[in-house]
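This report describes the overall architecture of one protein and the packing of its helices. Please consult the sequence and the structure alongside the text.

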Amino acid sequence: MNSIESASDHIKTLLDRRQSTTSFYLSVNTGILAVIGLLVKDAQMQAPWLVVSIVLLLIAGLIACWIWRSLLHQYEILLDWWYARLRELEEGLPEAERLVTREYRELYLTAAKRPPMQRLGMTQRELALNAIFMALYVLFAAGLLLSLAL
């Protein structure tokens, strides 16, 4: 196996791991929010243990989001590094065969001039999804504080 194939295989492995990470944390956060919703709906905040349980779930959800966000940033750094090495390896190829380099120049370097929603890249979208979950936890916490104050 040559260096380009080896680098490409490693990049594919990293992309698969990032996708698995996102799927896992999406499931964890969805489950946490579902349990909170069931606790709030069924118990109507009448027991002190319920408030403590919800607070613990909110904290667990925020920690899960923090870990997920951290992993996404690490994958972004790793993938950027590996793609740079792959582009370096392509320098020895004829221009017509430098597909990763061409993709990078034509789609990613020019993306800085486009509005955010027209740019390529999964990391920013995954980070936005993460931010949505964090916002939901904060909103749940605010609602909990408001209901306790009334």
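What share of the contacts in the protein with a separation of 6 or more is accounted for by residues 24 or more positions apart?

## Contacts and burial

In this predicted model, residues 24 or more positions apart account for 71% of the contacts with a separation of 6 or more.

Of the 150 residues in the protein, 24% are buried. Burial here denotes a relative accessible area under 20%.

## Secondary structure and overall dimensions

The protein comprises four helices and zero strands. Read from the N terminus, its elements follow the order α-α-α-α. The protein is more spread out than a compact globule, because its radius of gyration of 21 Å is well over the 15 Å that the globule rule gives for 150 residues.

The C-alpha trace of the protein spans about 70 × 35 × 20 Å along its principal axes.

## Packing of helix 2 and helix 4

Helix 2 covers residues 48-90 and helix 4 covers residues 122-149. The axes of these two helices come within 10 Å and cross at roughly 165°. Angles over 145 degrees count as roughly antiparallel, and helix 2 and helix 4 are therefore roughly antiparallel to each other.

The crossing of helix 2 and helix 4 is left-handed. Classified by residue type, the contact of helix 2 with helix 4 contains 18 nonpolar, five polar and three charged residues.

Note on methods
Residues numbered from 1 in each chain as written. Predicted model: local features only at pLDDT ≥ 70, side-chain atom pairs only at ≥ 80, totals over all residues. Heavy atoms only, no water. Axes fitted to C-alpha atoms, helices over the stretch in contact; angles between N-to-C directions. Parallel < 35°, antiparallel > 145°, perpendicular 65-115°, else oblique. Left-handed = near helix turned anticlockwise from the far one by under 90°. Nonpolar A, V, L, I, M, F, W, Y, C, P; charged D, E, K, R; others polar. Rg over C-alpha atoms; globule rule 2.2 N^0.38 Å. Buried < 20%, exposed > 50% of the residue type's maximum accessible area, 1.4 Å probe, protein only. Contact = heavy atoms within 4.5 Å.
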